[in-house]
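I am opening a notebook on this structure. I will write down what I look up, entry by entry.

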Amino acid sequence: NEYGYALYMLERYIESIEKYKKALALNPEEKTAVKGIADVYFSNKDYTNAEIYYKKCLTLDKEPKVANYKLGFIKNENKEYQKAIDYELASIKLDEDYAAAYNELAYAYSQLNQKSVALDNYLKAHNLNPNHATYASNVGDMYYAATDLKDLDKAMLYYKKSLAIENTSA
């Protein structure tokens, strides 16, 4: 498993999967190997295979917050927004402070035209991680683009926050 992870970090993905699969051959219930394979596929944007392995994580891991989050991300990519919401809510149920899950949840709601719910979740993600430029920008986008929420002053405030974060992290 450690060797598979090292190969993953070196972006030697095919070799990484081979090592993880060898670990699974020895122990099919090895959740670290299952998650490792899922992460490699996810990093390569092979969401079909990533989904298969993240779903296995749901059965092997007692608290699969990351697997739920990544499955929600995949469902958003596949435009299956209600399923994305279900996975992100499951992730948040395990960790109420998981900013990334709130961000994905907000995206799904925005695509279902539930703009005020989306804004609430983008704000939650931003408040949990105020130093994340994308979260600030997403809040700005909601204030700028959503007709029923339109507030250009607030949009500019969040866009400026996003730029400030990007400039300090550069």
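**Entry 1. A term, then one residue.** I count two residues as in contact when they have heavy atoms within 4.5 Å. The model I am reading is predicted. I began with Asn-68, which lies in helix H5. Is Asn-68 buried or exposed? Buried means under 20% relative accessible area. Asn-68 has 7% relative accessibility, so I put it down as buried. Next I asked which residues Asn-68 is in contact with, leaving aside neighbours within four places in sequence. I found Leu-58, Tyr-87, Glu-88, Ala-90, Ser-91 and Leu-94.

**Entry 2. The whole protein.** I stepped back to the overall make-up. The protein has 10 helices and 0 strands. Read from the N terminus, the elements run α-α-α-α-α-α-α-α-α-α. Along the principal axes, the C-alpha atoms fill a box of roughly 60 × 35 × 25 Å. The protein has 170 residues, and buried ones make up 44% of them. I noted an accessible surface of about 9700 Å². Carbon and sulfur atoms account for 50% of that surface. I then turned to contacts between residues at least 6 apart in sequence. Of these, 41% join residues at least 24 apart.

**Entry 3. H1 and H2.** I moved on to helix pairs. Two packed helices are described by the angle between their axes and the distance between the axes. I took H1 (residues 2–9) and H2 (residues 13–26) as a pair. They pack at an angle of about 165 degrees, and their axes are 8 Å apart. H1 is therefore roughly antiparallel to H2. The crossing of H1 past H2 is left-handed. Which residues meet here? From H1 I listed Tyr-3, Gly-4, Tyr-5, Leu-7 and Tyr-8. From H2 I listed Tyr-13, Glu-15, Ser-16, Lys-19 and Tyr-20. Sorted by kind, the residues of this contact are 6 nonpolar, 2 polar and 2 charged.

**Entry 4. Ile-14.** I stayed with helix H2, where Ile-14 is found. Is Ile-14 buried or exposed? Exposed means over 50% relative accessible area. Ile-14 has 64% relative accessibility, so I logged it as exposed. I also checked Ile-14 against Lys-55. The two are 41 residues apart in sequence. In space they are 21 Å apart, C-alpha to C-alpha.

**Entry 5. Two loop residues.** I looked at backbone angles next. Glu-11 is not a glycine, yet it has a positive phi of about 60 degrees. I found Glu-11 in the loop between H1 and H2. Its relative accessible area is 58%, so Glu-11 is exposed. Lys-45 also went into this entry. Its phi is positive, at about 60 degrees, although Lys-45 is not a glycine. Where does Lys-45 sit? I found Lys-45 in the loop between H3 and helix H4 (47–60). Lys-45 has a relative accessible area of 63%, so I marked it exposed.

**Entry 6. H3 and H5.** H3 covers residues 31–43 and H5 covers residues 65–77. They pack at an angle of about 25 degrees, with axes 12 Å apart. Angles under 35 degrees count as roughly parallel. H3 and H5 are therefore roughly parallel to each other. H3 passes H5 in a left-handed crossing. On the H3 side, I wrote down Lys-35, Asp-39 and Phe-42 for the contact. On the H5 side, I wrote down Val-66, Lys-70, Phe-73 and Ile-74. How do these residues divide? I have 4 nonpolar, no polar and 3 charged.

**Entry 7. H7 and H9.** My last pair was helix H7 (residues 99–111) with helix H9 (residues 133–145). Their axes come within 11 Å and cross at roughly 25 degrees. That angle makes H7 roughly parallel to H9. I noted a left-handed crossing for H7 and H9. H7 brings Ala-99, Ala-100, Asn-103 and Ser-110 to the contact. H9 brings Tyr-135, Asn-138 and Met-142. The residues of this contact divide into 4 nonpolar, 3 polar and no charged.

How values were computed
Residues numbered from 1 in each chain as written. Predicted model: local features only at pLDDT ≥ 70, side-chain atom pairs only at ≥ 80, totals over all residues. Heavy atoms only, no water. Axes fitted to C-alpha atoms, helices over the stretch in contact; angles between N-to-C directions. Helix = DSSP H or I, 4+ residues; strand = E, 2+ residues; numbered from the N terminus. Parallel < 35°, antiparallel > 145°, perpendicular 65-115°, else oblique. Left-handed = near helix turned anticlockwise from the far one by under 90°. Nonpolar A, V, L, I, M, F, W, Y, C, P; charged D, E, K, R; others polar. Buried < 20%, exposed > 50% of the residue type's maximum accessible area, 1.4 Å probe, protein only. Areas by Shrake-Rupley, 256 points an atom, 1.4 Å probe, with all protein chains shown as cover.
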